[in-house]
Amino acid sequence: MGAKHDYGMLILHWGATAVRLDPDVFIYQFHHSSMDRPRAYNVYGYRNPEFDKLAEEQRLYYDMEKRRKAVWKAQEILYRDQPHTPFIFDNILFVYNSDRWDDPKNYHLDVGMGVAGFWFQWAAVPKTKDDIMKLAYTRAFTNLNPLTAVKKYDLQLIRNLYDSLTRVGPDGKVQMWAAKQINRVNDTTLEVVVRDDMRFHDGKPCTAKDVKFTFDFMKKWEAINYFSAMKVVKSVDLVGENKLQINLTQPFAPIYVTVFSQMPILPKHVWEEIEKQVQDPKTYPNEKPIGSGPFKLAYWKKGSELLVKRFDEHWNPAKPGGLLYLVYGSTDAMCGAVETKEADVTLFYIQPFQYRRLVAKKHISGEPLTNHGFYNLWYNNRIKPFNDRAFRRAISRTIPAKQFIKDIFEGYGSHESTVIGSANKFWHNPNLPPIEFSIKEAKRILKDAGYTWNKEGKLCYPSGK
């Protein structure tokens, strides 16, 4: 986020990413008072000790039911206080060539990410002998260095090339991946058993030593995307040939997603040499990445296309023979490529009119998916009148969300008013209904809070404020 929080109200869209399926992101990182600082996510300036206690508490519970109870209660407080107002969870629209690829519903579609997520690209079932999936994109890959990559599309590709200890499953729940199992010794000690059948793309074995090296290396060089989340990791020790002990500074349930599922496992033998060659590994271009993931890089024509091939020696090989990412200059060009069969999948958001046109073609199918990212109205809680909860609650009743969905989103969206939407089913509190548009109710809230209107119809502060 920017260094300044200089605004009254604004509307922004928070995109869907796998890490945002863990409730810690939208609960603690977006609302805890410690995150009310420049370049942090509490841009609203929301401060509530009652909420802070719950936000901290949910981090401590490895028991998912206990954690969910705290997360639901935290959502209730945000719903009451309205530091900002979520109002539309848009649909992710994509299309694919159904003559060449099986219906994604028969295998995997990532929650809130659809074809842009790992599971679709790993599990897509080809219908023809040509098993290279051609993915049309409007974004060119720019950085494949795991220490510095921050853009969503670069990180998505990195997760295809590198394994991680866990992955966020297509249902939004954590699944073991490179970790065969993770056992909790106590609240601040986790024992990780690493698979013993993994190899890097250059044929060298991928072991617990590489995992320990990755933790130490990421901390040493302050990897941009992982350094903050890894502050809770005090040390990582090898306690067996394929066994690690991870020592934490405090209990931290989100680690299964924020660290274990996000951090790519680096080959020790490769990055040790890189460290010798360059003064700062963060400057290394990593144009020929070597990971242990289910795909390995074949070639990269910067700005136009990139091909990854299936890594057949992977312990859990992908279904497609490869993924060819094709870069187009606009969503219209991207859609045209699928329409003419030059590409198989639209990998970036398309508009409703484009979606309807494409699914009318015999060789094209699609599936609208509810996002777990959302549009919300921000209020600067630091300044008048937005520092008044009653005023924020009144404003929340003046958003014609259903009309927006009908007229702007053409029906492809849902009206919800919680920070964790229904797409993230396990963590979503279903007891908080959408806040309905009602000028009458907004006026009632203001009147009850002591606001008045003068003869010109202008709203006046309550007496003494």
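View 1. Contact here means heavy atoms within 4.5 Å. Helices (H or I, at least four residues) and strands (E, at least two) are DSSP runs, numbered from the N terminus. This is a predicted model, in which local features need pLDDT of at least 70 and side-chain atom pairs count only at pLDDT 80 or more, while totals for chains, interfaces and linings use all residues. Residues are numbered from 1 along each chain as its sequence is written, and side-chain values use heavy atoms, leaving out hydrogens and water. The axes of α3 and helix α11 (residues 389-396) are 8 Å apart, and the two pack at an angle of about 85 degrees, so α3 is roughly perpendicular to α11. Axes are lines fitted to C-alpha atoms, for helices over the stretch in contact, with angles from 0 to 180 degrees between N-to-C directions. Angles under 35 degrees count as roughly parallel, over 145 as roughly antiparallel, 65 to 115 as roughly perpendicular and the rest as oblique.

**View 2. Gln75 sits in helix α3 (residues 64-81).** Is Gln75 buried or exposed? Its relative accessibility is 2%, so Gln75 counts as buried; the cut-offs are under 20% relative accessible area for buried, over 50% for exposed and in between for partly exposed (1.4 Å probe, protein chains only). A polar atom of the Gln75 side chain lies 3.2 Å from the backbone nitrogen of Asn429. Leaving aside neighbours within four places in sequence, the contacts of Gln75 include Ile27, Trp427, His428 and Leu432.

**View 3. Helices α1 (residues 23-31) and α2 (residues 49-57) pack at an angle of about 135 degrees.** Their axes are 10 Å apart, and the angle makes α1 oblique to α2. On the α1 side, the contact is made by Ile27, Tyr28 and His31; on the α2 side, by Phe51, Asp52, Ala55 and Glu56.

**View 4. Phe215 belongs to the largest nonpolar core.** Such a core is a set of buried Ala, Val, Leu, Ile, Met, Phe, Trp, Tyr and Cys residues joined through side-chain atoms within 4.5 Å. Which of the 76 residues in this core touch the most other members? They are Phe215, Ile255 and Phe260. Helix α6 (residues 208-220) gives the largest share of this core, 6 residues. Not counting residues up to four places away in sequence, Phe215 touches Leu165, Met230, Val233, Val236, Ile246, Val259, Phe260 and Met263. Elsewhere, a second, separate core of 26 residues includes Trp14, Phe26, Tyr44 and Phe374.

**View 5. Ala401 is found in helix α12 (residues 401-407).** With a relative accessible area of 2%, Ala401 is buried. Apart from neighbours within four places in sequence, Ala401 is in contact with Phe87, Ile88 and His415. Between Ala401 and Ser417 there are 10.0 Å in space, C-alpha to C-alpha, and 16 residues in sequence.

View 6. Most residues other than glycine have a negative phi, and most peptide bonds are trans.

Terms used. A polar contact is a pair of N or O atoms within 3.5 Å; within protein, one must be able to donate a hydrogen and the other to accept it, and residues adjacent in sequence count only if both atoms are side-chain atoms.
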